Amino acid sequence: MSSTEPEAPAVSDALLGPADIRELAAALGVRPTKQRGQNFVIDANTVRRIVRTAEVTRDDAVVEVGPGLGSLTLALLEAADRLVAIEIDDVLAGALPATIEARLPSRADRFALVHADAMQVRELPGPPPTALVANLPYNVAVPVLLTMLERFPTIKRTLVMVQAEVADRLAAEPGNKVYGVPSVKANWYAEVKRAGSIGRNVFWPAPNVDSGLVSLVRREQPIATTASREEVFAVVDAAFAQRRKTLRAALAGWAGSAPAAEAALVAAGVSPQARGESLTVHEFARIAEAKA
């Protein structure tokens, strides 16, 4: 193995298998809820694969959102320098530290739990996070991902497991029929790509949809624009709110009128007859800048 390759995490019996997950859940009286989009990973090979794909090493301070019963948490803690897990569920948050202590006592001092809604978290204990790795609940995956990238600019690498359809949208390029708001906003922060597929049988309960891995590597240089992130995102939201319309029509409300929208588009070098699904994040930034 070359010195540039990430260290593979040691294979250990600390990881949770299907019987462990069900035993833990039964002891806690936990049933996964659709309300919170909970599907627990029960396959140790899958979590090892996620950690390996995320290229987590002993140089990383990792943040995990939605650790649940701790399947991925344990694998991450074996590989990273430090791990902070954010959990909203009272029962799961209360049980996780004991699971870490019982199954991976030698690493327990490298673990911290934040019992909170990830959408409300603005600071984390310990060193600034360098990586985000998570199995994100399907119903909040995109807002949680974008919020974490915005609030924690030290996160350089992200690997998230999300519903396959969401993975496709996040990684879509201009011209793709599923290219939309999540695609552009994720691309504002990072280079985004699909990093694999995950079947349904590695979860309990098994979801009705497949899952996908998405890799996001933060841009070394932010998008070059004098417009703010909020200004650029306002254009993106307006463009896709009426995605069948031309940008001249779709951006009329945002600009104040259709002629004002056309003027901003022409100034940005974008055809007023184009549609949002054909534009790059750089072009959206130029439109925001032209109006400003």
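Reader: How do strand E2 and strand E5 pair?
Author: Strand E2 (residues 61–65) and strand E5 (residues 131–135) run in the parallel sense and share two bridges. Two strands count as paired if DSSP finds at least two bridges between them. Helices (H or I, at least four residues) and strands (E, at least two) are DSSP runs, numbered from the N terminus.

Reader: Which residue in E5 is the bridge partner of Val62?
Author: Ala131 is the bridge partner of Val62.

Reader: What kind of model is this, and how are residues numbered?
Author: This is a predicted model, where local features need pLDDT of at least 70, side-chain atom pairs count only at pLDDT 80 or more, and totals for chains, interfaces and linings use all residues. Residues are numbered from 1 along each chain as its sequence is written, and side-chain values use heavy atoms, with hydrogens and water left out.

Reader: What is the strand order in the open sheet?
Author: The order is E4-E3-E2-E5-E6-E9-E7, seven strands with mixed pairing. Strand E4 (111–115) and strand E7 (190–198) are at the edges; each has a single partner strand, so one side of each lacks a neighbour in the sheet. From one strand to the next the twist averages 20°.

Reader: Which residues of helix H2 are buried?
Author: In H2 (residues 44–53), the buried ones are Ala44, Thr46, Val47, Arg48, Ile50 and Val51. Buried means under 20% relative accessible area, exposed over 50%, and partly exposed in between (1.4 Å probe, protein chains only).

Reader: What do they pack against?
Author: The buried residues of H2 pack against strand E1 (40–41), H3, E5, strand E6 (157–163), E7 and strand E9 (211–218). Just after H2, Glu55 has a positive phi of about 55°.

Reader: Switching to Ser71: buried or exposed?
Author: Ser71 counts as buried because its relative accessibility is 7%. Ser71 is in helix H3 (residues 71–79).

Reader: What does Ser71 touch?
Author: Not counting residues up to four places away in sequence, Ser71 touches Leu16, Ile21, Val41 and Val47. Contact means heavy atoms within 4.5 Å. A polar atom of the Ser71 side chain lies 2.6 Å from the backbone oxygen of Val41.

Reader: How do H3 and H4 pack?
Author: H3 and helix H4 (residues 90–103) pack at about 50°, with axes 11 Å apart. Axes are lines fitted to C-alpha atoms, for helices over the stretch in contact, and angles run from 0 to 180 degrees between N-to-C directions. H3 and H4 are therefore oblique to each other. Angles under 35 degrees count as roughly parallel, over 145 as roughly antiparallel, 65 to 115 as roughly perpendicular, and the rest as oblique.

Reader: Which residues meet there?
Author: Thr73, Leu74 and Leu77 in H3 meet Leu96, Ile100 and Arg103 in H4.

Reader: And what is the angle between H7 and H8?
Author: Helix H7 (residues 181–189) and helix H8 (residues 229–241) pack at about 160°, their axes 10 Å apart. That makes H7 roughly antiparallel to H8. On the H7 side, Val181, Val184, Lys185, Trp188 and Tyr189 meet Arg229, Val232, Phe233, Val236, Asp237 and Phe240 in H8.

Reader: What else is Tyr189 in contact with?
Author: Leaving aside neighbours within four places in sequence, Tyr189 is in contact with Leu146, Leu149, Glu150, Arg218, Arg219, Arg229 and Phe233. Tyr189 counts as buried, at 7% relative accessibility. The C-alpha atoms of Tyr189 and Val217 are separated by 8.2 Å, and these residues are 28 apart along the chain.

Notes
Polar contact = N/O pair within 3.5 Å; in protein donor to acceptor, adjacent residues only side chain to side chain.
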